[in-house]
Amino acid sequence: MQDDGRPAAPLDVFERLESGVRSYIRAFPAVFASARGHTVWDVGGRSYIDFFSGAGALNYGHNHPRLKGELMDYIARDGIAHSLDMGTAAKAEFLEAFQQLVLEPRGLEYRIMFPGPTGTNAVESALKLARKATGRHLVVGFTGAFHGMTLGALSASGNRFKRRGAAVPLTGAVSMPYDGYFGPGVDTVDCLRRYLEDDGSGLPLPAAVIYETVQGEGGLHSARDQWVRRLAEVCRRHGVLLIADDIQVGCGRTGPFFSFESAGVRPDIVCLSKSISGYGLPMALTLVRPDIDVLSPGEHNGTFRGNNLAFVTAAAALRAFWSGDGLQREVQSKAARIRAGLARCAAGVPELRPEIRGRGLIQGLALGEPGRAERVCRAAFERGLILETSGARSDVVKLLPPLTIDPAALDRGLDILGEAVGACAAA
Ligand SMILES: *Cc1c(COP(=O)(O)O)cnc(C)c1O
């Protein structure tokens with residue numbers, strides 16, 4: 001959609017040559033060329049405000065100048081790019097920075113595992129570790145969960161459509177009700193607790209429970225701190241390991257570096273990916289309590305576990321954003337701004353009975369009827385705002401702006417969203 005008479009961007013090459021599995025291009029029919037901060041430009045020169053941030057892989061925006069500078073210096077001096085899991089100066093620097101800026105200040109003790117460069121790799125390695133450490137096989141996931149597209153991660157995920165895509169039985173995991181599943185009056189941890197206590201429940205003692213603080217793909221349901229604390233307590237009492245999947249909501253998305261900090265729990269294993277490189281480069285971590293770091297050398301291997309370009313930007317991002325609590329406070333004030341903006345959007349369309357969900361800089365509007373959120377996102381895109389839906393029925397409009405977005409751009413995006421919601425309510 002060009003408003004200045006230039007020809008539409010050439011999308012036909014993707015239709016002719018690329019697999020039908022491509023998905024985001026269908027929601028955002030443009031050919032993108034460059035980006036900086038919260039702004040993305042397509043090949044026709046049209047600009048968009050990015051409220052999607054690579055599904056949470058770009059918490060510090062696109063091509064942050066400080067990260068880019070360090071990356072370009074590293075490449076220019078022939079810094080090693082690929083190294084399997086050999087020792088490199090870039091990896092050493094990252095490990096020290098992560099220890100000093102993230103783990104130590106929070107009193108957290110974890111071994112840092114490099115599981116392969118994607119989120120689902122981190123989840124697979126976490127499940128493998130938990131199973132080996134406990135000698136048990138079953139993993140408990142939750143309704144609405146999303147942990148990745150490989151078989152182990154998918155088996156602990158909720159989405160029926162994505163599970164069907166596996167085309168084989170997904171075994172080794174069961175689903176329990178997430179916080180709020182039966183409404184506000186029911187504490188669903190009681191369900192897990194009762195199953196674990198009851199010898200007749202039919203539930204074998206699990207190796208681990210895996211959970212998300214906010215279900216980024218599962219409709220932005222979020223777990224109350226109190227629920228997370230009870231979950232951790234029940235797990236501890238039964239010797240079940242607690243795995244926090246902080247792939248989408250870690251790295252400051254909810255405010256603190258880890259989303260579980262507000263609950264005050266210490267998961268046994270933590271999965272990080274998406275924004276850990278800070279630059280959108282593939283990288284993932286599995287953080288492991290030292291006494292359950294039980295995999296033998298090479299027992300979980302992979303060619304691309306040493307993405308040194310990602311280590312360089314990851315260390316730079318930690319130094320730039322996590323030396324103090326400035327970013328965390330920024331996220332809190334922007335979160336309030338988003339909540340107010342969403343309340344305005346909601347007030348404009350009371351007949352849709354919109355529900356505001358999420359926390360921090362992962363919030364959204366549930367619009368009930370499936371299809372409406374997709375129409376809102378499309379209308380927003382036509383007006384120059386990139387944002388996606390969430391939920392098994394794609395019924396939630398999800399806002400995931402860069403944490404570093406300036407307040408004026410945040411307001412502009414919220415205004416566009418308000419127009420798009422209004423346009424779709426009228427339609
Ligand atoms: C994106 C995501 C994953 C999977 O990460 P990939 O890099 O896409 O494999 C797992 N868990 C959560 C919560 C995610 O948001």
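A: A cavity is a set of points, on a 1 Å grid over the protein atoms alone, where a 1.4 Å probe fits but cannot get out. Points are joined across faces, edges and corners, and the volume is the space filled by probe spheres set on them. The model is predicted, with pLDDT of at least 70 needed for local features and 80 or more for side-chain atom pairs, while totals for chains, interfaces and linings use all residues. Residues are numbered from 1 along each chain as its sequence is written, and side-chain values use heavy atoms, without hydrogens and water.

Q: How many cavities of 30 Å³ or more does a search of the whole structure find, and which residues line the largest cavity?

A: The search finds 1 cavity of 30 Å³ or more. Lining residues have an atom within 4 Å of a point; for the largest cavity they include Phe114, Gly116 and Pro117, Pro282 to Ala284 by way of Met283, and also Phe304, Arg305, Gly306, Asn307 and Phe311. By class, this lining has 7 nonpolar, 3 polar and 1 charged residues (Ala, Val, Leu, Ile, Met, Phe, Trp, Tyr, Cys and Pro are nonpolar; Asp, Glu, Lys and Arg charged; the others, Gly among them, polar).

Q: What is the volume of the second largest pocket, and which element gives the most to its lining?

A: A pocket is an open set of points with protein on both sides within 12 Å along at least five of seven lines. The second largest pocket holds about 350 Å³ of space. Of its 17 lining residues, Asp85, Met113, Phe114, Asp293 and Arg305 lie nearest the centre. Helix H5 (89–103) and strand E4 (111–113) each supply at least two lining residues, and E4 gives the most, with 3 residues. The lining divides into 7 nonpolar, 4 polar and 6 charged residues. Helices (H or I, at least four residues) and strands (E, at least two) are DSSP runs numbered from the N terminus.

Q: At what angle do helices H9 and H10 pack?

A: Axes are lines fitted to C-alpha atoms, for helices over the stretch in contact, and angles run from 0 to 180 degrees between N-to-C directions. H9 (residues 189–197) and H10 (residues 225–238) pack at about 10°, with their axes 10 Å apart. The two are therefore roughly parallel (under 35 degrees; over 145 is roughly antiparallel, 65 to 115 roughly perpendicular, the rest oblique). Their contact (heavy atoms within 4.5 Å) includes Leu192 and Leu196 of H9, and Trp227 and Leu231 of H10. Its residues divide into 6 nonpolar, 1 polar and 5 charged.

Q: At what angles does H14 cross H13 and H12?

A: The axes of H13 (residues 372–382) and H14 (residues 407–426) come within 8 Å and cross at roughly 130°, which makes H13 oblique to H14. Val376 and Ala379 of H13 take part in this contact, as do Leu417 and Val421 of H14, among others. The contact has 9 nonpolar, no polar and 2 charged residues.

The axes of H12 (residues 326–348) and H14 come within 9 Å and cross at roughly 20°, so H12 is roughly parallel to H14. Among the residues that meet there are Ile338 and Leu342 in H12, with Leu417 and Val421 in H14. By class, this contact has 8 nonpolar, 2 polar and 3 charged residues.
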